[in-house]
Amino acid sequence: MTLPGTWRFVIIPRRGSQLHPWHVPSFPVKKLGARQFGAGRRRARLARLSAMQIQPFRIEQYFGKYEFTAKYLLSSSDAESRTVQELLDLEPGSHERLLKHWCGYTESPGAPALREVISGMYRGVRPEDVLVMAATEEGIFVLYHALLSPGDHVIVETPCYESALEVARSTGARVSEWPRSEENGWAHDLAALEKLIQPNTKIIYVNTPHNPTGLVMPASVFEQVRSLAASRGVIFFCDEVYRELEHDPADRLPAACEVYERAVSLGSMSKTYGLPGLRLGWLVSKDADILRRCLELKYYTTICTSAPSEFLSALALRHRQVLVERNREIVLRNLPLLDSFFERRSDLFEWVKPNASPIGFVRYKPQRDVLSFCEDVVGNAGVLLLPGTVYDQPRHIRFGYGRRNMPEALAQFSAYLSAHSGFGVTAP
Ligand SMILES: Cc1ncc(COP(=O)(O)O)c(C=O)c1O
């Protein structure tokens, strides 16, 4: 893939990486060298300077390896999905309308009907404030690359969904982590955030509700992050893909784009609504210049989003209460089962119980490598867990509880533990 100028993708293997070559993503993996860019050394050096270096996406590599072969998924971050037929059943006449839907290009900022319905999900937002993306992932990529250059500085809350950190780094901007830790209940250290802000800080990225902890940022913290960003004129990039899946709707925060002119809210069909196969997401901001710059780059990535996907997304969002209620019901049914399981197995596990999303981050107490533990679990019990190593959190495991068959997956995992008491594991 070639981006404007001479940018190229180069995957840099992580030092000490346990990933094998066949886990490397599907776009070309190339070693930079003079031969590739012509004979001259100078050209090679220039090419090296302009290459976009990006780390392997460990979360997606791990899922890519097991997600479609493991029998039980006990770590997914998307809620239970639906068929196209089930979506069409939400609205009379939609089946016929889908069959007649034109499969030409659509408007680059997003089909008008879809921008209209998305804008209606936010307070004081107009359709022009919405830029539709071919999934949230494109939103992250495009926003960072449209707004950042070497010389800029970004702050990213960690642990986080990996692209939030690695795509920012790939722009050549300097990236500081704003770390959270389980030791203090994953609290946010606002004084530390304030210290990280520099004169050249352009973006602060946060994610609430949060992957991997499943926790909503406390309202007072959210307000202080907003106010810090506003006082320095920094863009507040808020990843809200799990919004509307707060376990208690009273915990819902305002969307960042509703409360600050230079904020960008990132939304998705994938998580709360359980429709990741539509590959559709959006950026919302009242800052027209931010959206214009993102649109300019979107012309180089996808031009526009898939027409059938825009049709189905608009339909689903018109009925999103139905989707949210069904998925919230599943989450609220499964969460107590998982929580009491961790209580029963407190010899092995401990967590800060999540209050949003279908995921939670659990500390695995034995002094054992979580990557080899999770690989053993998926290999022997067919249960997919996500090792915290993919978040640089080697003592944790991500669990998911947004799928209908979670009780069955949990029973399989429990049986595995009983049968493998050799790993410092005792039978329940
Ligand atoms: C916090 C967060 N942001 C973005 C994404 C990407 O989502 P999408 O499937 O919509 O591209 C994910 C997916 O796991 C996520 O957890």
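Student: For residues 44-49, how many contacts beyond four places in sequence does the model have?
Tutor: This is a predicted model, and over residues 44-49 its pLDDT stays under 50. Where pLDDT is low, the predicted coordinates should not be read in detail. With that caution, the number of contacts beyond four places in sequence that the model has for this stretch is seven.

Student: Over which other residues is the pLDDT below 50, and what is the mean for the protein?
Tutor: The pLDDT is also below 50 over residues 16-41, a stretch with 28 contacts in the model beyond near neighbours in sequence. For the protein, 87% of the residues reach 70 or more, and the mean pLDDT is 90.

Student: Which strands are the edge strands of the open sheet of seven strands?
Tutor: The pairing in this open sheet is mixed, and its seven strands follow the order 4-10-9-8-7-5-6. On average, neighbouring strands are turned by 20 degrees against each other, direction ignored. An edge strand here pairs on one side only, which is the case for strand 4 (130-133) and strand 6 (174-179).

Student: Which residue in strand 10 stands opposite Ser-268?
Tutor: Strand 9 (residues 263-268) and strand 10 (residues 281-284) run antiparallel and are joined by four bridges. Within strand 10, the residue that stands opposite Ser-268 is Gly-281.

Student: What angle does the direction of helix 12 make with that of strand 4?
Tutor: Two helices that pack on the sheet can be set against strand 4. Helix 6 (residues 112-119) touches strand 4 and strand 10, and its direction makes about 115 degrees with that of strand 4. Helix 12 (residues 288-301) touches strand 4, strand 8 (235-239), strand 9 and strand 10, and for its direction the angle with strand 4 is about 25 degrees.

Student: Are helix 15 and helix 16 roughly parallel or roughly perpendicular to each other?
Tutor: The axes of helix 15 (residues 370-381) and helix 16 (residues 406-419) come within 11 Å and cross at roughly 105 degrees. Because angles from 65 to 115 degrees count as roughly perpendicular, helix 15 and helix 16 are roughly perpendicular.

Student: Which residues of helix 16 make the contact with helix 15?
Tutor: By class, this contact has four nonpolar, two polar and no charged residues. Helix 15 contributes Val-377, Asn-380 and Ala-381, while helix 16 contributes Gln-412, Phe-413 and Tyr-416.

Student: Which residues around the ligand come nearest?
Tutor: The shell around the ligand divides into four nonpolar, seven polar and two charged residues. Of the 13 residues there, those that come nearest are Ala-135, Thr-136, Glu-137, Ser-268 and Ser-270.

Key. Residues numbered from 1 in each chain as written. Predicted model: local features only at pLDDT ≥ 70, side-chain atom pairs only at ≥ 80, totals over all residues. Axes fitted to C-alpha atoms, helices over the stretch in contact; angles between N-to-C directions. Parallel < 35°, antiparallel > 145°, perpendicular 65-115°, else oblique. Nonpolar A, V, L, I, M, F, W, Y, C, P; charged D, E, K, R; others polar. Near = placed C-beta within 6 Å. Pairing = 2+ DSSP bridges. pLDDT = per-residue confidence, 0-100.
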